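Trainee: Please show me how to read the features of a protein model, one by one.
Mentor: We will take each feature as a general idea and then as a case.

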Amino acid sequence: MTDPLIVLDHIARRFPSQSGRAEFTAVQDIDLTVNEGEFVAVVGPSGCGKSTLLNLISGLDTPTEGLISIDGERVRNTVRQDVGYLFQKDALLPWKTVQANVELPLVFRRLPGDHAALARDWLSRVGLSGFERNFPHQLSGGMRKRVALAATFVYGPRILLMDEPFSALDVQTRNLMENELLELWRQNRKTVLFVTHDLEEAIALADRVVVLTSNPGRVKKEFQIDLGRPRNVNEIRFEERFRALHEEIWEALREEVARSYAAQRAHG
Amino acid sequence: MARLRQVLGAASPWLILIMLLLAWQGATDFGLADPRYLSRPTTVAALIWDWIRTGFILRHVEVTVIEVVVGYTAGTLAGMAVAFGFFFFPRVAELCDPMVVVLNAAPRAILAPFAVLLFGIGLLSKMMLVLLAVFAITLLNLYTGLKEVDRTIVDNARVMGANQRDLARHVYIPAALVWIVSAMRNSIGHAFTAAIVCELLGATEGLGWIVAAGQSAVKPDWIMAGLFFAAAIVVIVDFLVLAPLERRGSHWRVF
């Protein structure tokens, strides 16, 4: 057994609250490891600190307590260079063309080679040949996500952090993108940490599902997903084993969702 | 039928204008209003034509335009510099915040007498007042705009490997351009207002001086014709320069 690639050791992140003196604890006591090439999905009710977790691993944010290391090296408060991050919201530069957006990480990283050709190659792999000169606002939401995928894969990060990347898409586009993601992942075998509030999506995509508690987020339970690959997200939902896993994990998740809902109502 | 409606739709704002002018003309022709105080469209039109024909208006347009161009350019540049300064040094912005609030809230025309006292009745006092007005608008527009640059876009660029310089060049400056152009479009009218208000108070030439002279000599046609030229310049500048500029920039502005 080799060492895990990502290790989170007793992580806590607290934010100073703006109004009172009370701090807001996003996540607490998180212990989590991710192996190289593994696809891990993190599920939890809204507001349980899932995005905070990804920000901490990417180095965009620093934990208040605990230690994060990637490949044995401690993550300090600089942004990791071997990480790709797909955000829930659109993050493309609206004033640059699709082609320029995909080239941008190569420019930022001062990588050698033919940027234009590399970008074109990745755009064709996500099915966007012919859209190089378009601006993001001229594309549909699904197409913009594909551009974002291409702009992430183009510089070959080892680790892929995904923060509910498909949640804003309609169901059909979303399933299409999930299948495309699985195909890209099969070819490249990145280490993926995929955050979602959708349990079906988590089971359909991942090797392992981690359930977080409602705020503050802690690891409640982990589940190994022993479904075969390659998978088709449209069909796998009907398999016996999928349904059994869904039932089992939902048992753990239900309580947290209810508690998060109650807390939101109390505050709202 | 549909076509007729379309033509009428496009023409109706002009029809309203023409009807207003006709009403004005009629009221003064038939003794409903006193042309000595209200003048009448034909008199004003004749005066406008006369000023153009003799070249009398040229010098006054020139003076006002120079005041505006100098004050506007300096005000835009100063506003941009301070907005970027505030953005990159938030401590300074915090310290200056009350001043900015006052600058924005106070009616700046009140400073016109002060400007004339300090900088004389020549062009300088007008330039300074224009500068101040444009500076305030640019600063507020741009500073707010920079603060509202989408956090996700910045985070995404950082994960993709952007350092501070990359961020400025590829994220903040392009984002700022939109706000600068919209501030420029917004402030041009205010710039002319500032120049003309200051000319009203103390000047020997310029469009504001024409209006002031018309008032003290009870020549309402002078006031109307002066206003006409002031409005015409703003419309021309907006139509020929600023609106096309904003249209060019806004092809990606849809979020």
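**Reading a model**

Mentor: Start with A:I225, which is found in the loop between β10 (219-224) and α7 (233-236) of chain A. The elements named here are DSSP runs numbered from the N terminus, helices being H or I of at least four residues and strands E of at least two. Residues are numbered from 1 along each chain as its sequence is written, and chains are lettered from A and ligands numbered from 1 in the order in which they are written. This is a predicted model, in which local features need pLDDT of at least 70, side-chain atom pairs count only at pLDDT 80 or more, and totals for chains, interfaces and linings use all residues, while side-chain values use heavy atoms, with hydrogens and water left out.

Trainee: Is A:I225 buried or exposed?
Mentor: Buried means under 20% relative accessible area, exposed over 50%, and partly exposed in between, with a 1.4 Å probe and protein chains only. A:I225 counts as buried because its relative accessibility is 5%.

Trainee: Which residues is A:I225 in contact with?
Mentor: Contact means heavy atoms within 4.5 Å. Leaving aside neighbours within four places in sequence, A:I225 is in contact with A:I203, A:A206, A:D207, A:R208, A:V209, A:R231, A:L245 and A:I249. Take A:V209 from that list: A:V209 and A:I225 are 16 residues apart in sequence, and 7.1 Å apart in space, C-alpha to C-alpha.

Trainee: What else does A:V209 touch?
Mentor: With residues up to four places away in sequence not counted, A:V209 touches partners including A:A41, A:V43, A:L199, A:F223 and A:I249.

Trainee: How many residues does the largest nonpolar core have?
Mentor: A nonpolar core is a set of buried Ala, Val, Leu, Ile, Met, Phe, Trp, Tyr and Cys residues joined through side-chain atoms within 4.5 Å. Here the largest one has 111 residues, and A:V209 is among those with the most contacts inside it, together with A:L8, A:F39, A:L149, A:I203 and B:V171. The element that gives the most to this core is α4(A), with 7 residues. A second, separate core of 31 residues includes B:V68, B:V134, B:I188 and B:A194.

Trainee: How many cavities of 30 Å³ or more are there?
Mentor: On a 1 Å grid over the protein atoms alone, a cavity is a set of points where a 1.4 Å probe fits but cannot get out, and lining residues have an atom within 4 Å of a point. Grid points are joined across faces, edges and corners, and a volume is the space filled by probe spheres set on the points. The count comes to 1 cavity of 30 Å³ or more, and about 160 Å³ of space lies in the largest cavity.

Trainee: Which residues line the largest cavity?
Mentor: There are 19 lining residues, and A:A91, A:L92, A:A148, B:N156 and B:M160 lie nearest the centre. Two or more lining residues come from each of β6 (83-86), α2 (98-108) and α4 (141-153) of chain A, and from α8 (151-159) of chain B. The largest share, 5 residues, comes from α4(A).

Trainee: Where is B:R158 found, and what does B:R158 touch?
Mentor: B:R158 is found in helix α8 of chain B. With a relative accessible area of 23%, B:R158 is partly exposed. Residues up to four places away in sequence aside, B:R158 touches A:L60, A:V79, B:R151 and B:L167.

Trainee: How many residues of α2(A) are buried?
Mentor: Of the 11 residues of α2(A), 9 are buried, so this helix is mostly covered. Among the buried residues are A:V98, A:Q99, A:E103 and A:F108. Their cover includes α3 (115-125) and α4 of chain A, together with α8 and α9 (164-201) of chain B. After α2(A) comes A:R110, whose phi is positive, near 50 degrees.

Trainee: Why does A:E256 count as buried?
Mentor: A:E256 is buried because its relative accessible area is 1%. A:E256 is found in helix α8 (residues 240-267) of chain A. Not counting residues up to four places away in sequence, A:E256 touches A:P45, A:L212, A:T213, A:S214 and A:K220.

Terms used
1 Å grid on protein atoms, 1.4 Å probe; cavity = no way out; pocket = protein on both sides within 12 Å on 5 of 7 lines; lining within 4 Å.
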